[in-house]
Amino acid sequence: MTLFFSGKTRCAICGRSIGERADAAQLSNVDPRLVPEFSTLAGSFVHRRCWDEWSEAGRLAEQAYQLVRTGSSRDPTVVAVFASERLVVLLVRATQVWLWQDFLLAVRVEIPVSRIAAVAKALMTDTSEVVQVGPVDWHVRADANGVTVVLMRAREAVERFVVPADRLLLWQGVLQSHE
Ligand SMILES: [Zn+2]
């Protein structure tokens, strides 16, 4: 596992240091036999801004999505809840937690099954909401472009990402169909 060091860890796309963890996304694994050019990027941190603007982001997202989708079908410890449009949601049987992986947004979050309805409600907000999701508080704020989600752990922002309006419809649909 790659560790993050504020102000030291370098963005795998632009090469500059990343100020804080909440500004970063962590890249997923890909199959190095299929895309050897991406193999050294697995687990790397990047600025979210760089990820959003990177011309190769779509291709890496697709490869990472395919790897998890096919791998999960052979993994008896998980149940595939949803796998389409570069979004994979897996139920971890032992812990009853959803592993929510949006490869397009480079977002990987955990949602206990008991909190699905609360997250669904928060993501429907047209102002702002705070919802406790396991050990993390989700601060959700809506604007014209979609919602901004800040994940706080012990009063520290550990993740910050935007779910654009069109992507938000997909998220809401998956959450609501399993409440
Ligand atoms: Zn960067």
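Colleague: In which loop does alanine 106 lie?
Modeller: This is a predicted model. In it, strand E5 covers 97-102 and strand E6 covers 107-112. Alanine 106 lies in the loop between strand E5 and strand E6.

Colleague: Is alanine 106 buried or exposed?
Modeller: A residue is buried if 20 or more other C-beta atoms lie within 10 Å of its own. Alanine 106 has 22 C-beta neighbours inside 10 Å, so alanine 106 counts as buried.

Colleague: What is the phi of alanine 106?
Modeller: Alanine 106 is a residue other than glycine, and its phi is positive. The value is near 55 degrees.

Colleague: Where does arginine 155 lie, and what is its phi?
Modeller: Arginine 155 lies in the loop between strand E9 (146-153) and strand E10 (156-164). Its phi is positive, in a residue other than glycine. The value is near 65 degrees.

Colleague: Which residues does threonine 125 touch, not counting residues up to four places away in sequence?
Modeller: Threonine 125 is in the loop between helix H3 (116-122) and strand E7 (128-133). With 14 C-beta neighbours inside 10 Å, threonine 125 counts as partly exposed. Leaving out residues up to four places away in sequence, threonine 125 touches Val140 and Ala142.

Colleague: What separates the C-alpha atoms of threonine 125 and valine 140?
Modeller: Along the chain, threonine 125 and valine 140 are 15 residues apart. Their C-alpha atoms are separated by 7.9 Å.

Colleague: How many helices and strands does the chain have, and which pattern does the chain follow?
Modeller: The secondary structure comes to four helices and 10 strands. Read along the sequence, the pattern is β-β-α-α-β-β-β-β-α-β-β-β-β-α.

Colleague: What is the radius of gyration of the chain?
Modeller: The C-alpha atoms fill a box of roughly 40 × 40 × 30 Å along the principal axes. For 179 residues, a compact globule would have a radius of gyration near 16 Å. The chain agrees with this, because its own radius of gyration is 16 Å.

Colleague: What share of the contacts in the chain with a separation of 6 or more comes from residues 24 or more positions apart?
Modeller: Of the 179 residues in the chain, 27% are buried. Among contacts with a separation of 6 or more, the share from residues 24 or more positions apart is 36%.

How values were computed: Residues numbered from 1 in each chain as written. Predicted model: local features only at pLDDT ≥ 70, side-chain atom pairs only at ≥ 80, totals over all residues. Helix = DSSP H or I, 4+ residues; strand = E, 2+ residues; numbered from the N terminus. Buried ≥ 20, exposed ≤ 12 C-beta atoms within 10 Å, placed from the backbone. Rg over C-alpha atoms; globule rule 2.2 N^0.38 Å. Contact = placed C-beta atoms within 7 Å.
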